[in-house]
Amino acid sequence: MAAWEKSLDFLKPRLSISGYDRLSRISNTSVIGFIAEYVKLCDPARVYVSVGTEEDLDYMKKSAISEGEETPLAIVGHTNHFDSYDDQGRDREHTKILISDNADFGMGIRVCGREPCLAEMRELLKNIMGKREMFVAFYCLGPLNSEFAIPCVQITDSSYVIHSENILYRQGYEELIRQGDRAQPFKFVHSEGELSRNMTSKNVENRKVYIDLEGETVFSVNTQYGGNTIGLKKLGMRLGIRRASNEGWLNEHMLIMAVHGPDGRWTYFTGAFPSMCGKTSTAMVEGETIVGDDIAFLRKRSGSIYAVNIEKGIFGIIQGINSKDDPTQWEVLHKPGDIIFSNVLVTPGGGLYWSGADGPVPQVGRNYSGEWWPGKRDKSGIEVPISHPNARFNVALDCFRNVDPGFDSPEGVRIGGIMYGGRDSDTSVPVQESFGWVHGIVTIGASLESETTAATLGAEGIRELNPMSNLDFLSIPISSYVRDNLEFGKGLKEPPTIFGVNYFLRGRDGKFLNGKNDKRVWLKWMELRVHGDVGFVVTPTGRIPLYQDLKALFRGVLFSEYSSDSYSAQFRIRVPENLAKLERVEKAYSALRDPPSEIYELFRQQRERLLRAKSEFGDYIDPGRFPLVERE
Ligand code: SPV
Ligand code: MN
């Protein structure tokens with residue numbers, strides 16, 4: 001008996017008739033072997049095979065409710081899920097790349113020996129699904145039937161995780177069959193492990209996420225938080241970055257959006273921001289259209305860069321969303337539909353509240369800490385907020401009125417600009433354009449620094465280097481990754497213009513120098529710059545806007561007056577901070593094996609420009625001091 005038949009034979013008694021039929025249509029031997037292997041190891045009571053029909057989707061959502069991983073809320077279709085109190089973010093410490101050699105990827109990327117870690121994982125997974133049901137589902141990263149498409153197989157015992165994936169990802173059973181034997185799917189095995197009474201993972205101290213590059217499989221155990229469990233999100237990204245590097249394309253932590261310019265012109269941008277630094281709110285700004293808010297595949301074609309959103313939904317941060325600043329998201333979160341909320345406050349009538357929402361603050365309810373009341377403290381004496389700062393909502397993109405028409409295009413959208421932005425209180429100006437691809441990749445993307453946030457477990461507010469906002473997801477040495485980015489810009493007819501943005505600049509009084517909506521102006525300015533429609537000021541770190549252009553844009557976009565004092569405060573060049581940043585970043589790259597030589601050269605030039613300006617104008621330089629270029 002061939003291996004394929006043997007595996008199917010083993011699976012047969014655990015499957016329904018339709019489940020068996022569905023699997024027998026898959027000729028790809030490795031997929032059936034994979035499913036059989038983990039059914040055998042995890043030993044579930046039943047196996048549900050989904051191909052993504054309406055009936056399947058309904059069954060999985062109903063399971064999440066009947067098993068208690070989700071509870072229905074007052075608005076039809078909405079459900080609530082809690083992750084355990086200690087399972088509220090991505091677990092960097094226990095997320096490891098399995099390697100067979102002594103590779104050092106740099107900058108603290110965690111690796112472990114493949115054989116011992118696989119053995120440890122097998123031990124953890126052994127019989128773990130006990131009396132529970134296993135879900136097997138097929139998805140596709142990127143639009144179907146396109147050069148971007150990567151089929152995926154997800155195994156999980158969590159009805160919440162599978163329900164989440166049904167919202168977030170394109171169904172991929174047909175794509176897998178279409179690709180047949182040449183398909184090289186990414187594979188994911190997840191178990192939430194034993195559950196406590198409130199249906200959250202009990203053994204989070206044994207939480208592990210192991211990424212097996214060789215087998216293109218990711219394992220995740222004893223956790224429910226989406227960033228640790230949803231295979232196609234950040235787990236698949238580790239596999240994708242590796243594959244992209246081997247094949248000459250890029251897998252980025254990027255939004256994709258169209259910025260609508262004058263005379264009906266639409267210019268597509270991608271934007272990389274570390275978690276909780278404004279990525280979703282940028283992609284969602286009023287007046288523009290969204291292709292994606294988190295992960296992009298980028299490929300070169302006919303001298304241009306094209307990008308697709310690998311997802312079809314949003315797993316967005318809910319804190320701070322209110323009707324005034326985020327009208328589009330607010331509207332979707334209040335109308336009936338398939339939405340999972342996680343780690344917010346649920347009031348006795350099935351209503352919701354989160355930090356920063358409209359309306360009066362409820363005085364009772366349940367949140368990720370159990371019963372909640374104002375002033376509640378946890379075991380360590382720390383006050384429990386009304387909702388966790390990393391509380392999220394999970395909703396399909398097609399619920400939004402601002403979805404871009406190119407969202408599902410198999411060709412992707414052609415990219416005109418790329419932005420990088422971090423949480424930086426004292427160094428970079430709110431928006432600047434690089435002098436070119438290499439300058440942009442080296443001094444903006446690869447030099448992106450950001451203060452840590454609640455999206456990862458551990459201390460918040462610590463400044464760290466986060467190349468292209470991808471540090472948490474890299475599965476190749478950082479030097480190779482930066483080199484891949486430099487290489488990617490070569491041979492393009494019209495390389496996208498690279499910009500740096502910073503929404504988090506503060507004044508001497510510690511207050512933010514910009515309003516939440518100012519990003520709408522920066523986007524319009526960047527769009528004009530991609531086409532050379534406005535001039536710029538040449539500073540040592542990049543090209544910045546002219547005051548009169550911003551003044552006109554503030555008036556036209558936000559109906560507000562932009563003062564020259566604001567311009568001077570926001571756009572002055574902070575030489576000491578910029579020099580200190582160069583030193584920090586250069587030191588981090590020097591510690592790597594074989595960093596790209598462009599890093600040193602570009603840093604040398606940038607330092608020289610800063611020192612020259614300093615000797616002429618001092619430490620803090622008003623933008624009016626630098627030369628203007630009205631139009632190229
Ligand atoms: C992020 O933290 O970057 C997210 C959410 O997009 S997570 O699924 O945790 O990665
Ligand atoms: Mn993200």
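**Chatting about a sheet and a ligand**

Q: In β19, which residue is the bridge partner of His81?
A: Ser342 is the partner of His81 there. This is a predicted model, where local features need pLDDT of at least 70, side-chain atom pairs count only at pLDDT 80 or more, and totals for chains, interfaces and linings use all residues. Residues are numbered from 1 along each chain as its sequence is written, chains are lettered from A and ligands numbered from 1 in the order written, and side-chain values use heavy atoms, without hydrogens and water.

Q: In which sense do β3 and β19 pair, parallel or antiparallel?
A: Parallel: β3 (residues 78-81) and β19 (residues 339-342) share 4 bridges. Strands are DSSP runs (E, at least two residues), numbered from the N terminus, and two of them pair if DSSP finds at least two bridges between them.

Q: What order do the strands of that open sheet come in?
A: The 5 strands run β2-β3-β19-β24-β18, with mixed pairing. At the edges stand β2 (71-72) and β18 (313-317); each has a single partner strand, so one side of each lacks a neighbour in the sheet.

Q: Switching topic: which residues surround ligand 1?
A: Among them are Arg90, Tyr225, Lys234, His253, Ser275 and Asp294. Being near takes a heavy atom within 4 Å.

Q: And how many are charged?
A: The shell has 5 charged residues, along with 3 nonpolar and 3 polar ones.

Q: How far is the polar side-chain atom of Ser275 from an oxygen atom of the ligand?
A: Ser275 places that atom 2.5 Å away. For Lys234, a polar side-chain atom is 2.7 Å from a ligand oxygen, and for Arg90 a side-chain N or O atom is 2.9 Å from one. A polar contact here is a pair of N or O atoms within 3.5 Å.

Terms used:
A polar contact is a pair of N or O atoms within 3.5 Å; within protein, one must be able to donate a hydrogen and the other to accept it, and residues adjacent in sequence count only if both atoms are side-chain atoms. Ala, Val, Leu, Ile, Met, Phe, Trp, Tyr, Cys and Pro count as nonpolar, Asp, Glu, Lys and Arg as charged, and the others, Gly among them, as polar.
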